[in-house]
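Biologist: I would like to learn how to read charged pairs and annotated spans in a model. Please show me the structure.

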Amino acid sequence: METTNTVQSSPAWGTLLGKIGFNPAGILCVFLLMALPFIPPFNQEYLLRWLIYAAFIATLSVGFDFTSGYINIVNFGYAAVAGYGGYTSALLAVNLNISPWIGIFIGGANAAVLGLIIGMISLRLRGIFAACLSWFFGLALMGLATKLVWLTRGPLGLRTPRMFETESNIPFYYLIIVLLILTYVICKMVVNSKMGLAFKAIGQNMDAARTSGINPVFYRVFNFTLSCALAGILGGFYGHYYGILTPEVMHTTKTVEVLAVAYIGGRGSLWGGAVVAFPFIFLMEIIRSTLSHLPGLNLVIYALMLILVMIYYPGGFSHFFDVHIRQSKNKILRILTGNA
Amino acid sequence: MSDNLKDKIAWMKSAKGITILGSIFLALFATINSGPYVLVNTIITGGMLALVSTGLTLMLGVLNIAMFAHGEFFMIGSLSAYYVFTPISNYTAMHPDSFLVTWGPMVAIFTSMVVGAIAGIIAEFLVFRPLRKRAAENWVMNSFLLTVGLSVLLVNLHQLIFGADFKGIVRYWGGMPFSFADVFISRDRVISFCLSAFIVFLFWAFMTYTRTGRAIRAVSQDATGAQIVGINIETIVLMTISLSCALAGVAGGSLLFMYPSYPTMGLEPLYMAWFVVILSGLGNILGAVAGAFMVALLKVVTVEYVGAGWDFVVPSILIMLILIFKPSGIFGSEVRGVLDT
């Protein structure tokens, strides 16, 4: 399933990139994303807003896949964790005047503590039960954010300062792209290390992993902590970009959105969700805005795609990429994907 | 005699005994403290929850599907009851002494059950059967994600076709409310509770005493073994799905007067039912019924003493605590092992 180039067979300039999980095609994608705000249809503000949203979902899906694709536990409260980080940072900014730039990292640290707790209490549970536990955790968090009106202003929404004092969306776009790349690189480096092997072993068969001397406690908790920390930072970005936070951010439907993107992209690949998110979110937004007299149609298509992918192509986009592009007969494609 | 007593004391010390006795004490305390309506609310909510969660527990036990779309079958039930009952109530408004005044709601509720079952069968043919044919490994997680997609699909189809507004009725049966220990309970609540109690009883009897029910339980214990003794798995699976969706549908239909139908209405019964299933462990119908009343009690007591809206927070924290200390649920059964993948 690994698609990024491996150290043995790639040319020398590729080894460094390979270590952080990029191949030539990946670099091209990054350059494309960097140039996108200046290419005509995308230089309009509303399209940029879509791009930012797509990049946000893409980044979340990388963090989500880090848990679900490797240790095989679906963190169903992922959006709630992100919202928790966002609220932390927003409340710090509103009440204590702490700059959002510091706030989002405090939010991330706070979410990491939460991830530590979820990881610890879900230790005795497996598979679907751990997913349920994190779901209940998310529900409880969302209930708290709705009911603690004196703190979060509840459903009215908490106004937050934006990170850049400008109307333009471009700085936010570059910030989220940087966050996307950083998230991907961090996750990829962890996964490529010995730890990633342990994660996979635990995800496939916990008893066998334990027998071969892997201590699941440490790895599971570490995995939850890291992915929740990333979610917390992203939640902070979300709050400080839109300028308003409501408990809706923490809703289960948000998690489902991230989950769909991550699984259509391909589980256990990390990059699949990030690549799929852009066309996917764009398609959804286009359907939503052009067929606005048919509310919900975009989500119908979305759900159909998730169902079809789950039944007929559970490997997702990354599997398709592996089989048809990375190992294709065409040499250029193979070089491009670092499989020369 | 003393052995009997010892057994009783041992039972009281077990998790089962502690929780049941604790719930009874909590119920008694709340009843004495705030009035009998706490008890009445608990019983009525619990009846609804019992219907939904027995379906969920059956699906999880027999098919190993962690159903996330169960609330949507609840929604389908309430929607079909609405569309059947509206013309009936228009008709009875003009013909007040027609037999439909009494039987019309029954027709609506029965339709919701049938539609729920049909929806379940359609879901089995279009979604679960193809997945079963193709997926070999990681079935629990894949089917769970599939039901997530199904849930989003059904919610948005509802919104697309029927609109997002509240589709509710004022009442099923008019007339004077019953009075019971100084509380007035509307006739609808009493009848719908009796109905759900009756259906749960029927269901339990079906599962315990009929050949088909035994076959279903056999499949839930060991699918391969059941196949060896000549049980047709596909038929049992179809029957289980239609049964459990019919239960969710009839719950939605009979509670239409309390919960109007709208796209995302299924979320609350869904997570409440999951609370019940996690609390009571899997594969155990009577456990699910008892768990349903416990969760209902928790919810009602939370609304009473902490405030409305907190009924998300307090039960979920308590259930997380239970999960930490007793991962297999209070009435935990052996069936859980299947899910350890």
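Biologist: Is Glu234(B) buried, partly exposed or exposed?

Modeller: Buried means under 20% relative accessible area, exposed over 50%, and partly exposed in between (1.4 Å probe, protein chains only). Glu234(B) has a relative accessible area of 33%, so the residue is partly exposed. Some ground rules: this is a predicted model, where local features need pLDDT of at least 70 and side-chain atom pairs count only at pLDDT 80 or more, while totals for chains, interfaces and linings use all residues. Residues are numbered from 1 along each chain as its sequence is written, chains are lettered from A and ligands numbered from 1 in the order in which they are written, and side-chain values use heavy atoms, with hydrogens and water left out.

Biologist: Which side chain meets Glu234(B) in a salt bridge?

Modeller: Side chains of opposite charge can pair when their charged atoms come close. A salt bridge here is a side-chain nitrogen of Lys or Arg within 4 Å of a carboxyl oxygen of Asp or Glu. The partner of Glu234(B) is Arg129(B), at 3.0 Å, N to O. Glu234(B) sits in helix H10 (residues 233–254) and Arg129(B) in helix H5 (residues 100–134), both of chain B, so the pair ties together parts that are 105 residues apart in sequence. Helices are DSSP runs (H or I, at least four residues), numbered from the N terminus; strands are E runs of at least two. Arg129(B) is buried, at 16% relative accessibility.

Biologist: What does Lys299(B) pair with?

Modeller: Lys299(B) meets Glu268(B) in a salt bridge of 2.7 Å, N to O. Lys299(B) lies in helix H12 (residues 285–305) and Glu268(B) in helix H11 (residues 267–280) of chain B, so this pair links parts 31 residues apart in sequence. Lys299(B) counts as buried at 12%. Glu268(B) is partly exposed at 28%.

Biologist: Which residues do shared partners join into one network?

Modeller: Glu124(B), Arg129(B), Arg132(B) and Glu234(B). Within that group, Arg132(B) and Glu124(B) meet at 2.8 Å, N to O. Glu124(B) is buried at 0%, and Arg132(B) is partly exposed at 23%.

Biologist: How many salt bridges does the whole structure hold?

Modeller: Seven, over all chains.

Biologist: Which spans does UniProt list as "transmembrane region"?

Modeller: UniProt positions follow the numbering used here, feature names are shortened, and annotations may be inferred rather than shown by experiment. The unreviewed entry lists several spans of chain B, including 139–162 and 236–259. Residues 139–162 are 100% helix and 0% strand, with end C-alpha atoms 33 Å apart. Residues 236–259 are 79% helix and 0% strand, with end C-alpha atoms 32 Å apart.
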